[in-house]
There are 4 protein chains.
Amino acid sequence: MTKRKIINDPVYDGFLSVDDPVILQVIEHPYFQRQRRIKQLGLTYLVYPGAMHTRFSHMLGALNLMKRALDVLKLKGVEITDDECRGAKLAILLHDIGHGPFSHTSERVLVDVPHEEITLLMMQRINEEMGGVLNTAIAIFSNTYHKHFLHQLVSSQLDMDRLDYLGRDSFFTGVSEGIVGTDRIISMLNVHDDELVVDEKGIYSVEKFIISRRLMYWQVYMHKTVIAADQLLLSILRRARELDPTVFHFDTSSPGFLDRFAEVDDDDIMVAVKHWQHSDDEILSTLCRNMVNRRLPAIRFSNEPFVDVHTSYFEGTGKLANRSYDFNDQEIKVLYKDGRCLPISEASDQLDRHFLEKQVTKYYHYFPKEQ
Amino acid sequence: MTKRKIINDPVYDGFLSVDDPVILQVIEHPYFQRQRRIKQLGLTYLVYPGAMHTRFSHMLGALNLMKRALDVLKLKGVEITDDECRGAKLAILLHDIGHGPFSHTSERVLVDVPHEEITLLMMQRINEEMGGVLNTAIAIFSNTYHKHFLHQLVSSQLDMDRLDYLGRDSFFTGVSEGIVGTDRIISMLNVHDDELVVDEKGIYSVEKFIISRRLMYWQVYMHKTVIAADQLLLSILRRARELDPTVFHFDTSSPGFLDRFAEVDDDDIMVAVKHWQHSDDEILSTLCRNMVNRRLPAIRFSNEPFVDVHTSYFEGTGKLANRSYDFNDQEIKVLYKDGRCLPISEASDQLDRHFLEKQVTKYYHYFPKEQ
Amino acid sequence: MTKRKIINDPVYDGFLSVDDPVILQVIEHPYFQRQRRIKQLGLTYLVYPGAMHTRFSHMLGALNLMKRALDVLKLKGVEITDDECRGAKLAILLHDIGHGPFSHTSERVLVDVPHEEITLLMMQRINEEMGGVLNTAIAIFSNTYHKHFLHQLVSSQLDMDRLDYLGRDSFFTGVSEGIVGTDRIISMLNVHDDELVVDEKGIYSVEKFIISRRLMYWQVYMHKTVIAADQLLLSILRRARELDPTVFHFDTSSPGFLDRFAEVDDDDIMVAVKHWQHSDDEILSTLCRNMVNRRLPAIRFSNEPFVDVHTSYFEGTGKLANRSYDFNDQEIKVLYKDGRCLPISEASDQLDRHFLEKQVTKYYHYFPKEQ
Amino acid sequence: MTKRKIINDPVYDGFLSVDDPVILQVIEHPYFQRQRRIKQLGLTYLVYPGAMHTRFSHMLGALNLMKRALDVLKLKGVEITDDECRGAKLAILLHDIGHGPFSHTSERVLVDVPHEEITLLMMQRINEEMGGVLNTAIAIFSNTYHKHFLHQLVSSQLDMDRLDYLGRDSFFTGVSEGIVGTDRIISMLNVHDDELVVDEKGIYSVEKFIISRRLMYWQVYMHKTVIAADQLLLSILRRARELDPTVFHFDTSSPGFLDRFAEVDDDDIMVAVKHWQHSDDEILSTLCRNMVNRRLPAIRFSNEPFVDVHTSYFEGTGKLANRSYDFNDQEIKVLYKDGRCLPISEASDQLDRHFLEKQVTKYYHYFPKEQ
């Protein structure tokens, strides 16, 4: 009898059922379990109190969607071997494993390489430990596998990563704008000339997906108060580093880097911040008390850059940009019954090139609240 | 113009809107903000990954329900003054403020008084700081206020606390069994002879509520693996204390106790556990590595006590008991159109005394997994 | 390329995907399409305005669940051939096809055989027309097929029929009490000694299912006002028949019975009722005006029979009985990891024999509202 | 004690509570009750089987939203008298009362005036019967009341009608694209210079609302197969009229018009169609058999008009147009904290004038399916 594990997931009102022993073993790996202690949306919970969900739950959710997507494609006659199935599942399961605490905020502060590189290092380490079972997964993840559409399921404008995080972040923040017809989009996936495409009937769902992503971007991911909180945390880390350059600093070239890095998570940062409230350095202690008690900087957005702004640990400026859809990226393609295959920017009546290309740029200025 | 704050809450698909400046100020208090860092269900996230929600969100949710309940009662002609409204809201908002990290697990380990006492201490402290605005709230919370039903809204078999946590825990775990017709129950609340009662039409909803609570009890709150994880954490704290009696020990009689206690939350415990993985004490380091990497003890349940069990830091026994409904507590009462008022055990066709009185007792034995 | 049809279904937030050409052809059959015009819950929409859903949607929903159940069982190693899969799907798809308008209300009035007999007649007719493709389905439906568990998927205490209608009726009435963890129950199904059973881990879900059914029974199916409306419709049909015995009367032995019966649906009854508002018979016209304008009889329930009640077209008495769980029926069985298989009445701590056997009987008296 | 009626509504997971005796009496009026027999989306249930919901439920849902909107506005200090509250509620409750069967399809066929005129006639009739209680409601509905924003709550680009039907149609079809953050939008409503406006914070929700409306338009309201079904029904009515000009024809100038019209609903049309299956006229009988058994015409859409199409009862062409947002209509306005008030086309970064003005026009050609 095979071991089967059922993991509850409120997002897909239900659960994920896993019975592949290799996948079960990877889930039990300490590198994977540590993602239970890293929140998916960093400090966003200071604005949306429900947003405590972790990267752990996101990576399992993406695995859930990958399983469904592979089933749909196989049903439509796309050839996918058992090894490729497992590879695609493991690739999506591990696609975020390299994230550190408050990753998008602190990414370039804690460690000097992007999280994708650490992800690859961790995948390679697990692969060694498990005798090469991740070979296909790593090839798919790194886009060196000969069937390109498998990589697109993991990373493209319509991958299982985005499908899961949009739905998940929407669920836990309570922002209904992000709700996506996930099941429907997945049921419309297809493969044409080794490219992941969407069947004609799925065009409205894809439009909705692009719009949802854009709205979530401004309403959640780039929410004013979240930006303000991020800036506060960055000031704290910057100041702490100035006082002690070794604080939360990881050198990828040092021996044992990976295991040391794997021991750090959101909890460590927050405990340090609480500790630094009592620092002798008044700047650091003030910043930390502000963070612990959620006294965040004021912030304003503008379409024009802010000039002549005095910058300090308590004040500064920055820039945000979003385009709902990236033309540099490979375009989402629609497959018609008659065999034609058109990019969404041509296929959609609603979302024409003008709309899709439009880039919204915002400038922000954060500064101490009136005292 | 009054300041109004909108706080998103995915549970009541929407949000909570607060405009009372006193309530806003209480929410901003560090004692309240710290509950952002204490999970509502402790280690339950090791079984239900979505269960990362905090006491902070629960207390705001309970406030949300209290607002609705007060509106319903006033609409039905129950007299409630503005001061009483604010008092009841503040009482429910603060009802859990004294909880420490992993409270139900560690309650008697960290501090030698129950959390209700610390709650009262914290309410009194905030009351002093804010010039007595919590007087009515404290009276309602402590059940010394002359209108008894206001206390029942805060603490009784059908209070806003239970209504919120059942719905919230069900939402975040994804266990649909706990879904309660919250809006309907609240709309059926009434007051009769200074007692909180339920209108006749709400009888089925109350039955459902009692059943849901019972099912959630076994499916979530007393889930085998959660019990196993709790025992592991208790062993860790016990062992760490043995090695150093001052570890996470709080003496309520020491000066500054309240502020020191208020600085400790889930994060501190988990960071300590990670740290102790490298302890020289092999028992402690083993226990901690097991916790960090989620290698939980095996556990089995039985209707009979386990005898002759060898106990250690890695093995032991315990007992759980649940009765869906507590006769020692005040019974839930149903108000009929003709003016009669009957306890639910008489009013309900389905849930008779036999069913309600039934106590389920389980014994458990946890022990190291096969090595 | 195979034809694939996607049918939206708000209940399983998504849709049903069908690609078996035989099943598609059966769905297009006039006998099946007519169920679009027969409401699942008859006059219940007079109490729950959302309850307009049809038998058509229920039968498709039950097919959806059957597909999932068969997938789960096959994954667990239960042997089911392709012919048996299709048979089980067709059996559940057609299990209610014989229902007439307002079936539970008018069943014995319009036609003198129970709806199951007409279902079988219609299945046989379709089978003839389609060259025997329903042979296996009919055997499974009639419980003559050698694998007993396939029949249990169609008709037993835990069949796909009940699972769908509980969830569906709950969804459309808005009565959250009926929400069932459908996906979870289905994932726990198994087969042991040719019996459909539930894996040990599914025990709480089954308990919830039994409780939900009981609560839905009293809150929806036997709702006072629904009973009152049913009695009004019965009085109308009875009076109309008295005036003209051929009205809506179907003789199963007459030639062309099946096609004539298949032409009658809810719409015909309601149009006749509207028409009879202008009847010369004052009893009939009064009853019909009451129905059209929703002036329903008053009704009261009692635990004791009503005696000395004057009966007329406007007044009468009746009796309702419900037991949450039927011991005469085959019991739901739980399969333990150690191979034991126990009936739920022994396996469940909560729902013991006393609870399960309890029969609630209610007597009702309907009478004209005060004028 | 006042009578209070609770009406379940699955859409706002809960219910509507009504205690105003005038509103209760209007709901009981036969003109209102008849809307229980008119589906909100006509023949759409042939594509989305869940879409059986009625105008009755929509009008009650819109009342529900109106209550919330009025509460929000009063809380923000907008002056609204009790009479105006009742007036606004009655206006939205009755705003669709004049709809006939399959209204959008058959509007100009059955009766020669638009449904708004019949709505006004019915409101006036009920007003006479009830001694003038609808005076304010009629003024608000007809936009003659001096407070303009009250009319805008009933009829504007952001009225309670649209908010309810988008959410409701989305719920019953299962098309998640239409989900709107109804509660949030309502909580953001405000009044500025006697105009209904949206607070600054609600800008993303309004963007989402406009996008949802556009997507629902093509995915549900103008779904190919629904258009095909509509054309079939129109052909049937046209042919039946040709054979007998009095069939379903209502002359607004004839005495007793209103009561006769009020007796006709969806059921009558469908029963007539079933009856005409046996007509001697082969065209009529064929069309009707096609409708009853859901053998709908084939249909194709194009961005260019179809030319040289042979038209008949079985074949024809038509044109559809949609602009997500109507500039001729009054624009939705956004109120900033600093007092500025801008139209959404200027306030929104995402939905600029180019996007909002874009009109999508589609041409269709329906024709008999392959025989």
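In chain A of this predicted model, strands S3, S4, S7 and S8 form, in that order, an open sheet of 4 strands with mixed pairing. Strands are DSSP runs of E of at least two residues and helices are runs of H or I of at least four, both numbered from the N terminus; two strands pair if DSSP finds at least two bridges between them. The edges are taken by strand S3 (189-192) and strand S8 (341-343) of chain A, each with a single partner strand, so one side of each has no neighbour in the sheet. Direction ignored, neighbouring strands of this sheet are turned by 45° against each other on average, the axes being lines fitted to C-alpha atoms. The pairing of S3(A) with strand S4 (residues 195-199) of chain A is antiparallel and runs over 4 bridges. Within it, A:Val191 stands opposite A:Leu196 in S4(A).

Residues are numbered from 1 along each chain as its sequence is written, and chains are lettered from A and ligands numbered from 1 in the order in which they are written. In this predicted model local features need pLDDT of at least 70 and side-chain atom pairs count only at pLDDT 80 or more, whereas totals for chains, interfaces and linings use all residues.

Between chains C and D, 35 residues of chain C are in contact with 34 residues of chain D, contact being defined by C-beta atoms, placed from the backbone, within 7 Å. On the chain C side, two or more residues each come from strand S1 (5-9), strand S2 (14-18), helix H2 (30-33), helix H3 (55-75), helix H9 (160-173) and helix H14 (266-276). The most is given by H14(C), with 5 residues. This side of chain C divides into 15 nonpolar, 11 polar and 9 charged residues. Here Ala, Val, Leu, Ile, Met, Phe, Trp, Tyr, Cys and Pro count as nonpolar, Asp, Glu, Lys and Arg as charged, and the others, Gly among them, as polar.

Chain C is superposed on chain D by a rotation of 180° with 0.0 Å of shift along its axis (RMSD 0.0 Å), which is the relation of a two-fold axis. C:Asp267 comes closest of the residues of chain C to the rotation axis, at 2.4 Å (C-alpha).

C:Asp259 lies in helix H13 (residues 257-262) of chain C. With 11 other C-beta atoms within 10 Å, C:Asp259 is exposed (12 or fewer such atoms, placed from the backbone). C:Asp259 and C:Leu65 are separated by 194 residues in sequence and by 30 Å in space, C-alpha to C-alpha.

Notes: Two residues are in contact if their C-beta atoms, placed from the backbone, lie within 7 Å. Copies are superposed by least squares on the C-alpha atoms of residues with pLDDT of at least 70 in both. Axes are lines fitted to C-alpha atoms, for helices over the stretch in contact, and angles run from 0 to 180 degrees between N-to-C directions. A residue is buried if 20 or more other C-beta atoms lie within 10 Å of its own, exposed if 12 or fewer, and partly exposed in between; C-beta atoms are placed from the backbone.
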